[in-house]
Amino acid sequence: MGTLRTWAVTTAIIAFLGVPAGLLWAEISPKVTYIVIRGQAVLADPEGQAPIATDGRFALIAVAAGLACGIAAYLAGGRGNDLPLLFGLAAGGLAASLLAWRLGHHIGLDGFQRAVRRAPDGRLVTGAAQLRATGIVVFWPVLSVLAYELLELVVRRLPPGDGRKRRGGEADEVGGRELDLQAAPTGGDVDGREP
């Protein structure tokens, strides 16, 4: 697979995962209660745990998805396409995270906005999932790249070296923990002093 194609396919597959992630986030987020004041929704309990838990659940989804994507890309990838996979993990992870955020937020948002418009002052309404710590969106791409790189460091698909076939007696044959003790080719003095 070509470099550009590897990057594009990786990005597209991972970005698509933002849809189920957003649906999951909307489903498992705690209900945040707002109070209507002059037609505006204000947090009923600004120091409550629900807004923090909503951000925390998005973070957990992003961390799990990022690690899973990094591991899957490493297992599916081969030598020679590391850079396209890494770029695909970064771009796709960011796209998926943004998609999950927007989709999860928009689920139930219309009903919430209608309820706020129709509610008299003092009425309590339940809001849609809302991400307040927006920096969390980088968890997915960063952790997917880190997981991939960590596996590369630990597993090492290729041994150290340049990977080309060498013949005995070459200057760069000594490396790692082994020493090449092959003799010089027969047929005379190698430095040219004997006939």
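This is a predicted model: local features need pLDDT of at least 70, side-chain atom pairs count only at pLDDT 80 or more; totals for chains, interfaces and linings use all residues.
Student: Why are H1 and H2 called roughly parallel to each other?

Tutor: The axes of helix H1 (residues 3–16) and helix H2 (residues 18–28) cross at roughly 20°. Angles under 35 degrees count as roughly parallel, and H1 and H2 are therefore roughly parallel to each other.

Student: Which residues of H1 and H2 meet?

Tutor: Ile14, Ala15 and Phe16 in H1 meet Gly18, Val19 and Pro20 in H2, where contact means heavy atoms within 4.5 Å. These residues comprise five nonpolar, one polar and no charged; Gly counts as polar.

Student: What makes up the nonpolar patch on the surface?

Tutor: Leu94, Leu98, Val138, Phe139, Val142 and Leu146 form this patch, with about 460 Å² of accessible area together. Patch residues have over 30% relative accessible area and no salt bridge, and nonpolar side chains are joined within 5 Å. Accessible areas come from the Shrake-Rupley method with a 1.4 Å probe; a salt bridge is a side-chain nitrogen of Lys or Arg within 4 Å of a carboxyl oxygen of Asp or Glu. The largest share, three residues, comes from H6.

Note on methods:
Residues are numbered from 1 along each chain as its sequence is written. Side-chain values use heavy atoms; hydrogens and water are left out. Axes are lines fitted to C-alpha atoms, for helices over the stretch in contact, and angles run from 0 to 180 degrees between N-to-C directions. Helices (H or I, at least four residues) and strands (E, at least two) are DSSP runs, numbered from the N terminus. Angles under 35 degrees count as roughly parallel, over 145 as roughly antiparallel, 65 to 115 as roughly perpendicular and the rest as oblique. Patches are made of residues with over 30% relative accessible area and no salt bridge: like charges are joined within 9 Å, nonpolar side chains (Val, Leu, Ile, Met, Phe, Trp, Tyr) within 5 Å.
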